[in-house]
Amino acid sequence: MVPFAGWSLPLHFEHGHLRSHLHTRRRCSLFDVSHMLQTRVHGRDRVRFIESLVVGDIAELRPGQGTLTLLTNEKGGIVDDLIVTNTLEGYLYVVSNAGCADKDLAIMRGRAVELQAAGGDVHLEVSDNALLALQGPCTAQVLQAGLSDDLAKLSFMTSIATAVFGVPGCRVTRCGYTGEDGVEISVPSGRAVELAQRLLDLPEVWPAGLAARDSLRLEAGLCLYGNDIDEATTPVEAGLLWTLGKRRRVAMDFPGAAIIMAQVKEKPKRKRVGLTSEGPPVRPHMAILSPEGVPVGTVTSGCPSPSLGKNIAMGYVETALSRAGTALAVEVRKKQHPALVTKMPFVPTQYYTAK
């Protein structure tokens, strides 16, 4: 168990990090992600409210559809990355990072008060539900037995309210943080242990902790808030330009729009890239060098890839050096080791799209 964002979370279970990681890729694993902040946004002005804070086109989401989006500040920096779902029940369901929960809530509550004072109709409800993530290629097979809904109709980034293995009041969203097919299940906290145990009783499902979660998401090329993105990083630098809705780009009505859109036109000075390297594993804060040994960037995430059997990393380099195939180096324990800018994801993603 290790401290994480004010919570005590499992680093790994009895099978260890490597076997757990590979089991998630081959079968499926259960992660307890109840530390994430879950918020419901009610009221007729809920879309206008959330769009005043994030870069995404929330108005275009179909009922039941969600999207990854970014909460930005006036300098164009990323305050947090969120998943916002337009639920079939008529409210927005927002999942935020645990480490950003306090500042996100303060921002959302402040903006809600402003809108209400101007006659707007918006109301925030913080959920005390637990959140369980079932991830891996066996997810649908395992979960379908506990659902009356047809999982084959639930595409990546869509969501339904339903009972799961007899536990009512759950929300099942087809998403996750591993690059595999999977779901996140928001479950009333008083029934969470019961549901987790029901899933773990199945031979296909192993419990997994933070270590596997981190190496899986890095193989999938996914950002970790606080490491790969933060308030000093813009969506353009982070390679997250796809989160900016087309309508929003034209309207330029999100925080930091002038700075972000200027970077879109002029290109930023640095960009997030994937790296593969030789020698010892690469870790955050290590220097990225030119082949001549000149510092050109910094590693933000890195580990040996259990799936690929080689070192992988993410970091920021000067834009001129960000093209895939560019030869660079990394500094590990004061020694220089060859590295190569590599396209992400490192391991192909397996997100499910309904036929």
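Reply: Domain 1 and domain 2 bury about 620 Å² between them, with 71% of it on carbon and sulfur atoms; buried area is the accessible area (1.4 Å probe) that two parts lose on being put together, summed over both. This is a predicted model, in which local features need pLDDT of at least 70 and side-chain atom pairs count only at pLDDT 80 or more, while totals for chains, interfaces and linings use all residues. Residues are numbered from 1 along each chain as its sequence is written, and side-chain values use heavy atoms, with hydrogens and water left out.

Me: How many salt bridges are counted between domain 1 and domain 2?

Reply: A salt bridge is a side-chain nitrogen of Lys or Arg within 4 Å of a carboxyl oxygen of Asp or Glu, and the count between domain 1 and domain 2 is zero.

Me: What makes strand 18 and strand 19 count as paired?

Reply: Strands are DSSP runs (E, at least two residues), numbered from the N terminus, and two of them pair if DSSP finds at least two bridges between them. Strand 18 (residues 327-332) and strand 19 have six bridges, in the antiparallel sense, so they pair. One of the bridges joins Ala-329 to Pro-338 in strand 19. The two strands form a hairpin with two residues between them, and Arg-333 in the turn has a positive phi of about 50°.

Key
Helices (H or I, at least four residues) and strands (E, at least two) are DSSP runs, numbered from the N terminus.
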